[in-house]
Amino acid sequence: MKAIANSGPGSCRHWEKNMNIKPKPTVGYLTDGKGRWWRSETQPQCSDEDVFGLKCQGVWGHRGVHWSYKQDGSYAYWINESDPGSIEKGIAAGWTPPDHESYVHPRDKRSEYYVTHHSVEEVVDPLVIERLENEDPPETDAYVDRPLSPDEIKYLEDTGRL
Ligand SMILES: [Zn+2]
């Protein structure tokens, strides 16, 4: 009988969520339609969710607990396994209503909020501008946002959408 090669427990291939691979920032280009262009870059949102499916509002790779705000304004938080020191008040997860003394106000989370991790800078490289004018951004997955042309505005007006 032939021995079946035992490649060990480490060889078990199973699908893993790519939790530690940082997604790329969202890049887009905006123009005034008169030759000026701006590059917008937004950092990715933390992908962690609490047991109820509430998605963390922090920027990717943040320290401290994962957090979000519930519909009623309560501050929800849960442990961040990649930051073992992140437990708040010795509790792994919970939420605090707005009228509670230990409520964490949204303004205090602004610096961690992924939407604030956003930058805009004017494109000055003429070669990049030329590409953008031809709808060919340097990043293949970048969006290009142009103002509507007079014809497009007329079409929207004629179809009752403007
Ligand atoms: Zn998070």
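This is a predicted model: local features need pLDDT of at least 70, side-chain atom pairs count only at pLDDT 80 or more; totals for chains, interfaces and linings use all residues.
**Overall fold**

The protein comprises two helices and seven strands. Read from the N terminus, these elements follow the order β-β-β-β-β-β-α-β-α. Of its 162 residues, 12% count as buried. Contacts between residues at least 6 apart in sequence include 38% that join residues at least 24 apart.

Four strands form an open sheet in the order 6-2-1-7, and their pairing is mixed. Strand 6 (118-122) and strand 7 are the edge strands; each has a single partner strand, so one side of each lacks a neighbour in the sheet. On average, neighbouring strands of this sheet are turned by 20° against each other, with direction ignored.

Strand 7 runs parallel to strand 1, and three bridges join the two. Within this pair, Tyr29 has Val144 of strand 7 as its bridge partner. In general, strands of a sheet pair through backbone hydrogen bonds, in either a parallel or an antiparallel manner.

Elements named with their residue ranges are listed here.

| Element | Residues |
|---|---|
| Strand 1 | 26-31 |
| Strand 6 | 118-122 |
| Helix 1 | 126-133 |
| Strand 7 | 143-145 |

**Glu135**

Glu135 lies in the loop that connects helix 1 to strand 7. Its phi is near 60°, a positive value in a residue other than glycine. Most residues other than glycine have a negative phi. Glu135 is exposed, because 9 other C-beta atoms lie within 10 Å and a residue with 12 or fewer counts as exposed.

How values were computed. Residues are numbered from 1 along each chain as its sequence is written. A residue is buried if 20 or more other C-beta atoms lie within 10 Å of its own, exposed if 12 or fewer, and partly exposed in between; C-beta atoms are placed from the backbone. Two residues are in contact if their C-beta atoms, placed from the backbone, lie within 7 Å. Two strands pair if DSSP finds at least two bridges between them. Axes are lines fitted to C-alpha atoms, for helices over the stretch in contact, and angles run from 0 to 180 degrees between N-to-C directions.
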